[in-house]
Amino acid sequence: MLPMNTSMLRLLVLLLVWGSAAALAGSWHLLAQLPAPVVPLIIAGLMGGFSLALARVAWMQEAVGALGVRTIVAAHLIRFVGVYFLWLQTQGRLPAEFAQRAGWGDIVAAVGALALLFWPEGNGFVRAFFWWNLFGAADLLLAVGTGGWLNLTRPGSMIELSGLPLTLVPLWLVPVLLNSHIYLLRHRKKLC
């Protein structure tokens with residue numbers, strides 16, 4: 001169990017408030033009410049804003065640094081949500097292009113995270129850690145790009161992601177998880 005310092009408590013509160021705001025947006029189906037080109041801009045803004053804050057705000061850096069590599073990697077087990085994407089495709093509720101790319105990519109990233117949690121320290125871990133982070137970040141960017149493209153070219157096809165629980169994915173989980181990959185890649189030499 002990690003000791004709870006002030007910085008970590010602040011980060012936890014920030015993530016809970018952000019997640020609650022994303023849930024509220026989902027309960028109102030806010031993303032479905034916005035013009036299609038605005039949605040990817042909001043997601044990009046959340047990703048960029050969080051990235052900038054992690055790079056510039058001292059207490060955030062302290063909090064994330066205190067988490068440790070394996071704790072951050074463990075957060076990626078949530079990416080088994082990819083199974084749900086694939087199931088929604090079979091129900092005709094998500095387009096195949098999105099469900100297949102995001103679903104399988106997330107499942108592979110989650111399996112990779114699980115493997116890293118049990119991988120012994122050493123050169124093999126460092127190499128696997130590096131490639132897992134690159135793959136995980138690319139998968140998230142591909143999923144966001146695919147979702148944005150489908151939202152623009154086939155209006156209404158991504159409606160599932162505008163309501164709960166899936167609105168939490170683009171408005172909260174993707175920015176947090178993508179930035180965890182960026183953080184882990186940026187600091188990998190001192191972390192591993």
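A: Asp106 has a relative accessibility of 7%, so Asp106 counts as buried (buried is under 20% relative accessible area, exposed is over 50%, and partly exposed is in between, using a 1.4 Å probe and protein chains only). Before we go on, this is a predicted model, where local features need pLDDT of at least 70, side-chain atom pairs count only at pLDDT 80 or more, and totals for chains, interfaces and linings use all residues. Residues are numbered from 1 along each chain as its sequence is written, and side-chain values use heavy atoms, with hydrogens and water left out.

Q: Which residue forms a salt bridge with Asp106?

A: A salt bridge here is a side-chain nitrogen of Lys or Arg within 4 Å of a carboxyl oxygen of Asp or Glu. For Asp106 the partner is Arg79, with the closest N and O atoms 3.1 Å apart. Asp106 sits in helix H7 and Arg79 in the loop between H5 and helix H6 (82-90), so the bridge ties together parts 27 residues apart in sequence. Helices are DSSP runs (H or I, at least four residues), numbered from the N terminus.

Q: Is Arg79 buried or exposed?

A: Arg79 is buried, because its relative accessible area is 1%. There is also a network of salt bridges here, linking Arg79, Asp106 and Asp139.

Q: How many salt bridges does a search of the whole structure find?

A: The search finds 5. One of them joins the side chains of Glu121 and Arg70, at 3.2 Å from N to O. That pair links distant parts of the chain: Glu121 is in the loop between helix H7 (96-118) and helix H8 (123-153), while Arg70 is in helix H5 (residues 69-74), 51 residues away. Glu121 counts as exposed because its relative accessibility is 57%, whereas Arg70, at 25%, is partly exposed.

Q: Which residue forms a salt bridge with Arg154?

A: That would be Glu97, with the closest N and O atoms 2.3 Å apart. Arg154 lies in the loop between H8 and helix H9 (168-186) and Glu97 in helix H7, so this pair ties together parts 57 residues apart in sequence. Arg154 is partly exposed at 34%, and Glu97 is partly exposed at 26%.

Q: What about contacts: which residues does Trp59 touch?

A: Contact means heavy atoms within 4.5 Å. Leaving out residues up to four places away in sequence, Trp59 touches Ser7, Arg10, Leu11 and Leu14. Trp59 itself lies in helix H4 (residues 58-67) and is partly exposed, at 23% relative accessibility.

How values were computed. Helix = DSSP H or I, 4+ residues; strand = E, 2+ residues; numbered from the N terminus.
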